[in-house]
Amino acid sequence: MKRRPFAMAVAAVLAAALPCSLLAQTADLPTGKPFRIIAPSSPGGILDLTSRLLAKSLGEKTGQPVIVENHPGAGGVLGIQAMLRAEPDGRTLVMGSLGPNAANYELQSKLPYAYKDMTAVVHVLSMPDVVVVNPKLPVKSVAELKQYAQARPQGLSIAVSTSGSSGHLAGALLNQRTGIHAVDVIYKGAAPALTDLIAGQVDYMVDNLITALPLIRGAKIRPIAVTTRERSAELPDVPTLMELGYPDFDVSVWLGLFVSSKTPPAVVRALNTELNKVLADPEVRKTIAQQGGTAVGGSPEDFERFVQAEKDRWTQVIRVGKIKTE
């Protein structure tokens, strides 16, 4: 009997060892060109840092290069447009978040894309926002922030890292609930917003833990509350807004990856499989936890249901609160 070439023999052994579904998903993963993860923010923010963390691990697991590109501006819209302009072959993904992928449909009267233009791939992480102030302010609690604002009829200034972000919406809700009058100062990312907060150019901010935590630990900014139902393990002494008497104040940062809805379903499924491997990696999970978040994962359908629920929730909140992006 004629002997098979060595490569064919190896392939036969692998085929016998792996489930058919996994082989199909692996075969459907794009190859030959680099992957791109678009971060719709400036370098240094949660979208950028998380994109780079996942890109490194995904590249190691697939053996293919993964490039991160920053497209800041317009509340995440420019980054999504960049993804949608790319070939819908699964090689270009965008790191999505609350604003551009759920809230902006109500916050902005005109968007250059529709909800149906994107397909959810995987839920990446969830983490609290934290209310922080310039440490030079005589403010060490939400009650003191309220008193400080009341003593200044001209109002305070609140930094907004990105229009429509969880920090923007949580800050707007905080101002509504407390009666604080503040002018929004909108930036193109967390890094420049935090720089101005440290310099005293703005008074306070609601930001995610991944970017705020190093500055909190370095005493550059002062935390006075977190926005989630439970306290953060990284800030155990900082109370939640619910503890402080603001019922149902539960706002989380969330991130997830999306592709064009024109991407073949089999490719979406293959990407989901590989990215779940990334999110199950102990080092990736440890890094996300150290930054104050929780790695999530799950199926594309799980993430799609979550995003739809967030879209419905914030549509109601924005309408009732008359929250604007201007």
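Of the 52 residues in the largest nonpolar core, which touch the most other members? Leu54, Val124 and Leu257 do. The views below start there. The model is predicted: local features need pLDDT of at least 70, side-chain atom pairs count only at pLDDT 80 or more, and totals for chains, interfaces and linings use all residues. Residues are numbered from 1 along each chain as its sequence is written, and side-chain values use heavy atoms, with hydrogens and water left out.

**View 1. Leu54 in the largest nonpolar core.** The core holds 52 residues. A nonpolar core is a set of buried Ala, Val, Leu, Ile, Met, Phe, Trp, Tyr and Cys residues joined through side-chain atoms within 4.5 Å. Buried means under 20% relative accessible area, exposed over 50%, and partly exposed in between (1.4 Å probe, protein chains only). Leu54 touches Met95, Val124, Leu257, Leu275, Val278 and Leu279, not counting residues up to four places away in sequence. Contact here means heavy atoms within 4.5 Å. Another core, of 45 residues, lies apart from it; Val139, Ala172, Ile180 and Ala182 are among its members. In soluble globular proteins, nonpolar side chains tend to be buried together.

**View 2. The largest cavity.** A search of the whole structure finds 1 cavity of 30 Å³ or more. About 240 Å³ of space lies inside the largest cavity. The search uses a 1 Å grid over the protein atoms alone: a cavity is a set of points where a 1.4 Å probe fits but cannot get out, a pocket is an open set with protein on both sides within 12 Å along at least five of seven lines, and lining residues have an atom within 4 Å of a point. Grid points are joined across faces, edges and corners, and a volume is the space filled by probe spheres set on the points. The cavity lining has 25 residues; Ile46, Leu47, Ser161, Thr162 and Ser165 lie nearest the centre. Helix H3 (46-62), helix H5 (98-107), helix H7 (166-178), strand E7 (204-208) and strand E9 (252-260) each supply at least two lining residues. Helices (H or I, at least four residues) and strands (E, at least two) are DSSP runs, numbered from the N terminus. By class, the cavity lining divides into 10 nonpolar, 13 polar and 2 charged residues. Ala, Val, Leu, Ile, Met, Phe, Trp, Tyr, Cys and Pro count as nonpolar, Asp, Glu, Lys and Arg as charged, and the others, Gly among them, as polar.

**View 3. Ser161, beside the cavity centre.** Ser161 is one of the lining residues nearest the centre of the largest cavity. Ser161 sits in the loop between E5 and H7. Ser161 counts as buried because its relative accessibility is 9%. Beyond four places in sequence, Ser161 touches Tyr187, Lys188, Gly189, Ala190, Ala193 and Met205.

**View 4. Helix H5 and its surroundings.** H5 is mostly covered, with 8 of its 10 residues buried. These are Leu98, Gly99, Pro100, Asn101, Ala102, Ala103, Asn104 and Leu107. They pack against helix H4 (77-85), strand E3 (92-97), strand E4 (118-133), H7, E9 and helix H12 (300-321).

**View 5. The largest pocket.** Its volume is about 210 Å³. Of its 17 lining residues, Ala172, Asn175, Asp184, Ile323 and Lys324 lie nearest the centre. Strand E5 (156-160), H7 and strand E6 (182-186) give two or more residues to this lining. H7 gives the most, with 6 residues. The pocket lining has 6 nonpolar, 7 polar and 4 charged residues.

**View 6. Arg36 and its polar partners.** Arg36 lies in strand E1 (residues 35-39). Arg36 counts as partly exposed, at 23% relative accessibility. Its side chain makes polar contacts with the side chains of Glu69 at 2.9 Å and Thr92 at 3.3 Å. A polar contact is a pair of N or O atoms within 3.5 Å; within protein, one must be able to donate a hydrogen and the other to accept it, and residues adjacent in sequence count only if both atoms are side-chain atoms. Leaving aside neighbours within four places in sequence, the contacts of Arg36 include Ile67, Ala82, Ala86, Arg91 and Leu93.

**View 7. Thr263 in its loop.** Thr263 is placed between E9 and helix H10 (265-280). Thr263 is buried, with a relative accessible area of 5%. Its side chain reaches the backbone oxygen of Ser260 at 2.8 Å. Neighbours within four places in sequence aside, Thr263 is in contact with Pro88, Asp89, Gly90 and Val268.
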